[in-house]
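This report describes selected parts of one protein model.

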Amino acid sequence: MSIAYLNGRFLPIADARISVLDRGFLFAEGVYEVTAVIDGRLVDSASHLDRLARSAGEIGIALPLIPDEIEATQKQLVERNGLDEGLIYLQLTRGADESRDFLPAPDLQPTLVMFVQHKLFLNASAARTGIAVVTTPDLRWARRDIKSTGLLAQAMAKQIAAHAGAQEAWMVEDGHVTEGASSTAFIVTDDAIVTRAYSQAVLAGCTGAALTALAQEAGMTVVRRPFTVAEALGAKEAFITSASTLCQSVVRIDGQPIGDGRPGPVATRLREIYVDFARRTAV
């Protein structure tokens, strides 16, 4: 049985329990992060911790541990669970209240929970074959820059994708792709890699940010702008990034092949570059 962390304690995950009055459970009043682990080390840790602090600050929750302490705790979780490759999930909520009221009581103690997931993604078959995505209306709230635990719209989009035999959903607003249900969306045109600019409309992806910087260092042109579904269907390549998939080619959108229907050279090269970066910089 895996070991989790809950409010200062390491304990079997089956014993990691929170109150039914926790505001994360009742109001989805919380934020979260997912960090990749490769070779037993944390990937993009500083970026994830910076985003956690920003998300928590945007909804007025103080971190119960400073970022260095959170990172040290995550390293302990990796060691205690013998995790070589996989993910660490972190969730921070405002805490448990004595009554269910929209206005929280003052000075609540936040709830901080972390646990690991063993997952083999470096040599995943989807990295070789690519994935299919479907498009669906973006039904989320306006503050998508906050990595909120309120994931109902994303869960519904994932179900739509699964029913269509796809592995991800691209959410669409005003004819333009915002992002994936759990990923950042990219296309490759004749002259550039294209992805949305950061704003309140999208989450600033840690993996995507690192990968675009690496692409630019490699001499590739990256343009941050909206793109339509029609433009994606006519693109040379498409791909997604996330902590759990790294960089993964999209070979079909709404049943239509992208390019020749196989992972393209740009996404394939970027995945190689990112994996090398991750292994060199992980902590």
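## Terms and basis

Two residues are in contact when they have heavy atoms within 4.5 Å of each other. The model is predicted, so local features need pLDDT of at least 70 and side-chain atom pairs count only at pLDDT 80 or more, while totals for chains, interfaces and linings use all residues. Residues are numbered from 1 along each chain as its sequence is written, and side-chain values use heavy atoms, with hydrogens and water left out.

## Ala166 and its surroundings

Leaving aside neighbours within four places in sequence, Ala166 is in contact with Ala132, Val133, Val134 and Ala161. Ala166 sits in the loop between helix 5 (152-163) and strand 8 (168-173). Helices (H or I, at least four residues) and strands (E, at least two) are DSSP runs, numbered from the N terminus.

Ala166 counts as buried because its relative accessibility is 10%. Buried means under 20% relative accessible area, exposed means over 50%, and partly exposed lies in between (1.4 Å probe, protein chains only). From C-alpha to C-alpha, Ala166 and Phe115 are 27 Å apart in space, and they are 51 residues apart in sequence.

## Strand 7

Strand 7 (residues 131-137) has five of its seven residues buried, so it is largely enclosed by the rest of the structure. Strands pair if DSSP finds at least two bridges between them. Strand 7 runs parallel to strand 8, joined by five bridges, and Val133 stands opposite Glu168 in strand 8. Strand 7 also runs parallel to strand 14 (residues 246-253), joined by three bridges; here Ala132 stands opposite Arg252.

Strand 7, helix 5 and strand 8 make a right-handed β-α-β unit. Right-handed means that, with the strands pointing away from the viewer, the path from the first strand over the helix to the second runs clockwise.

## Strand 14 and its hairpins

Strand 14 is mostly covered, with seven of its eight residues buried. Strand 13 (residues 237-242) pairs with strand 14 in the antiparallel sense over five bridges. These two strands form a hairpin with three residues between them, and Ser242 stands opposite Leu246.

Strand 15 (residues 256-257) pairs with strand 14 in the antiparallel sense over two bridges. Pro257 in strand 15 is the bridge partner of Arg252. The hairpin of strand 14 and strand 15 has two residues between the strands, and Asp254 in this hairpin takes a positive phi near 50°.

## Nonpolar cores

A nonpolar core is a set of buried Ala, Val, Leu, Ile, Met, Phe, Trp, Tyr and Cys residues joined through side-chain atoms within 4.5 Å. The largest has 29 residues, and those with the most contacts inside it are Val43, Phe121, Ile193, Phe239, Leu270 and Tyr274. Elements that each supply at least two residues of this core include strand 3 (30-38), strand 14 and helix 8 (265-281). Helix 8 gives the largest share, seven residues. A second, separate core of 20 residues includes Leu42, Leu49, Ile61 and Val116.

## Asp22

Asp22 lies in the loop between strand 2 (9-12) and helix 1 (23-27). Not counting residues up to four places away in sequence, Asp22 touches Thr93, Gly95, Ala96 and Thr111.

Asp22 is buried yet has no salt bridge, a salt bridge being a side-chain nitrogen of Lys or Arg within 4 Å of a carboxyl oxygen of Asp or Glu. The nearest side chain of opposite charge, Arg23, is 7.8 Å away. For charge, Lys and Arg count as positive and Asp and Glu as negative; His and the chain ends are not counted.
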